Amino acid sequence: FLVSKLFFFKIIIKTFLKSFYIDNQKIHVEKKIYYLFFILLGYIIFEFFSLNFPLHKIDIYHEGQRLSSAYKSLLDDSLWSGSYVTVGIIYETIGTKLIWQLFNIETIGLVRFLDIIFIFFTKILLVLFLLEVTKYTKLDLKFKLFFFLIVSLLSLKLINYNLYSTDHIHFREIPILLTLIVVIKSFNKSSIISNLVLGFLSIFVFLWSIDRGIVFLLFLILFCIFLIFNKRYKDTVNIFICILLFWLSFYLFQIEEFNAFLSNTYSVVSELSYVHGIIHPAPFSDEENSSRATKNLIAILFSIVFSINFLLSKDTSDSKKFKFILLFLSTICFFSYIYALGRTDGPHLKQAFGFPSIFLIIIITYFLLKNISNWKISIFNNSKILNQIPLIIVILIILFKSDYVNMLSYKERFLTYINLDDEKFLTEEDKYFINDANNYFKNENCLQLFTNDAALLYLLRKPSCSKFYFFWSIGSEKNQKKLINNSTNIKYIITNGSTDNWSLSLDIKYPILHNFINNNFKAKTKIGNRTILYRKN
């Protein structure tokens, strides 16, 4: 596409490069844009307090990933040194641990409430991002209001509070949304606060979620190139200094954990795509999930081609900064496809379509309203009426969609929910296993899993005997041998879990561990479908 612009459409390289210079024109934001933002914020708050808390049975694999790691950290205060972290230490360990400490109880309900809080903040950040986008559109006030209303309501549909479903936008996007907001706000002027936030995010995002950290790093490199190109050398240097200070502080504050973090992160980045083991389907084929993958690729390619073409356009009726926002958003669309490259199944492909969906919502709404604004219709001349309609629509949504009974009883419902016994979330099979297995393990200091049922450690209130509590992600020969070398304290192993058939059999996936267990452990008892093994001598 770029070659065609240069050679077939005769775009001069100097003209092409000049397109990436940003103007310093200040914008004026009408108060009604902020009024609409606060009403939308009210809608999000009312929705939050109207919720019914989720009571579905525990996902012993995914939810267990966070429950068991946090429980071990609660006991010994370890982070990466105590658990092999697959996603991010905040997501897997710190978040759950902190909310348990805050309320002084350890329950499944509290962890689910934490997810609801994260979704709530994601919704707010999504609307804040769209507010920044709206500011830089060159629409009349009445159409700006409609633009902000439409893109906000449609984008909020991409994430919901149904924890059992997969959303297009996951709350793990919080640092990416924050980055986009900070970058847009730094268009107009240099800001030490923006530079500090980017410096803080450079470490926070890797602690939050490693794959989002990679997306952030690639995007930050691109943004720094953009700053250098626009001769904002001071900002570039300040960002680098802020990054250095935050990482140095992390190192000095937790030297042992910092080294464990580096080792853990390198292992995950280099191995996890192989561990997940689902190859990307060929586009336009009859392979499983091919149609969804093809849709994603087309949407990403479209976003990049469109945003570059839009930037090169000589049409001055569109704001240059709005064009840059679309360009930066398209790069996030491109980089975030990394989420689906390691494990190309339906849910991960759906999440990878989140930012392309937002991109499409923005451009379709913008150009539709831009064309409508050119129509010579008399009602458009009455701005006073049109300006009120978006505000009235959101107020009506709040009035008709809010559950006032739930809102008034929120405190009582919340306290009841977070104090629910864990058995309320377990299947009959899991209840039977936990009740029976407790008799075998009541005097044990730790347990080891050879199953993907990660929540068993939390449910039995026993820490893992090794770092590898989340068996799915052990992966390499090196990690298998590491577990064996540190196995002297392992007396019992739980195997044959309910989630072990989700992918390749663990016996085949981890042959070194399988042989070690066969040679050193034998079956003690079987409870339901699960088997408890004990050391031979």
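At what angle do helix α4 and helix α5 pack, and how far apart are their axes?

1. Basis of the note. The model is a predicted one, in which local features need pLDDT of at least 70 and side-chain atom pairs count only at pLDDT 80 or more, while totals for chains, interfaces and linings use all residues. Residues are numbered from 1 along each chain as its sequence is written, and side-chain values use heavy atoms, with hydrogens and water left out.

2. The helix pair. Helix α4 (residues 62-76) packs against helix α5 (residues 89-103) at an angle of about 65°, and their axes are 8 Å apart; helices (H or I, at least four residues) and strands (E, at least two) are DSSP runs, numbered from the N terminus. Axes are lines fitted to C-alpha atoms, for helices over the stretch in contact, and angles run from 0 to 180 degrees between N-to-C directions. On the α4 side the contact (heavy atoms within 4.5 Å) includes Arg66, Leu67, Tyr71 and Leu74, and on the α5 side Tyr91, Glu92, Lys97 and Trp100 are among the residues involved. The residues of this contact comprise six nonpolar, six polar and three charged, where Ala, Val, Leu, Ile, Met, Phe, Trp, Tyr, Cys and Pro count as nonpolar, Asp, Glu, Lys and Arg as charged, and the others, Gly among them, as polar.

3. The sheet. An open sheet of four strands has the order β1-β2-β4-β3, with mixed pairing; two strands pair if DSSP finds at least two bridges between them. Its edge strands, each pairing on one side only, are β1 (448-450) and β3, and the twist averages 30° from one strand to the next.

4. Pairings of β4. Strand β3 (residues 521-527) is antiparallel to strand β4 (residues 530-535), with six bridges between them, and Lys522 has Tyr534 as its bridge partner in β4, as Ile527 has Arg530. These two strands form a hairpin with two residues between them, and Gly528 in the turn has a positive phi of about 65°. Strand β2 (residues 492-495) also runs antiparallel to β4, joined to it by four bridges; Tyr492 stands opposite Tyr534, and Ile494 opposite Ile532.

5. Helices on the sheet. Helix α21 (residues 428-441) packs on the sheet and touches β2, β3 and β4, its direction making about 130° with that of β3. Helix α25 (residues 511-520) lies across β1, β2, β3 and β4, and runs at about 90° to β3.

6. The second largest pocket. This pocket has a volume of about 520 Å³ and is lined by 26 residues, of which Asp23, Lys138, Asp318, Ser319 and Lys320 lie nearest its centre. Helices α2 (13-18), α13 (290-312) and α14 (320-335) each supply at least two lining residues, and α14 gives the most, with three. By class, the lining has six nonpolar, eight polar and 12 charged residues. On a 1 Å grid over the protein atoms alone, a pocket is an open set of points where a 1.4 Å probe fits, with protein on both sides within 12 Å along at least five of seven lines, and lining residues have an atom within 4 Å of a point. Grid points are joined across faces, edges and corners, and a volume is the space filled by probe spheres set on the points.
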